[in-house]
Amino acid sequence: SCRKWRKRTPASTRPSKKDRLLKRTSDLEIVVRNQEQVEVEKQVRMKETESKLQKMEKENKILKIANEVLMQKTTEEVAALLDSCEKTKQESELKIDCLKSAFELRIDVMRD
């Protein structure tokens, strides 16, 4: 087999073992810092989401209460309308009775 020999970089220009270890350590520190940063950002986003959720729940409660109040008011208004209709009906019946009586009286008078 024909293998090409690669020229080895002379030791004088090659970084020392200590330098290589330091570089590796600093690379690892950067990775760890990045992971910590990601974790912090994740926590912040979770907090924001939580506060949004609480705000939405509060708004939902307010809307429910407003809806209940509106329903109550509507129910009362409908009841008042029904009462008013009943009153009008009774008044109309009374007028009709009066008119009938008057009419019957006139017929009786005309007969006599």
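Helices here are DSSP runs of H or I with at least four residues, while strands are runs of E with at least two, numbered from the N terminus. This is a predicted model, where local features need pLDDT of at least 70, side-chain atom pairs count only at pLDDT 80 or more, and totals for chains, interfaces and linings use all residues. Residues are numbered from 1 along each chain as its sequence is written, and side-chain values use heavy atoms, with hydrogens and water left out.

**View 1. Lys 23 and Asp 27 pair up in a salt bridge.** That term means a side-chain nitrogen of Lys or Arg within 4 Å of a carboxyl oxygen of Asp or Glu. Here the closest N and O atoms are 3.4 Å apart. Both partners sit in helix H1, four residues apart, so about one helical turn separates them. Lys 23 is exposed at 52% relative accessible area, whereas Asp 27 is partly exposed at 33% (buried is under 20%, exposed over 50%, partly exposed in between, with a 1.4 Å probe and protein chains only).

**View 2. Lys 42 meets Glu 39 in a salt bridge.** This pair has an N to O distance of 3.9 Å. Lys 42 is partly exposed at 39%, and Glu 39 is partly exposed at 38%.
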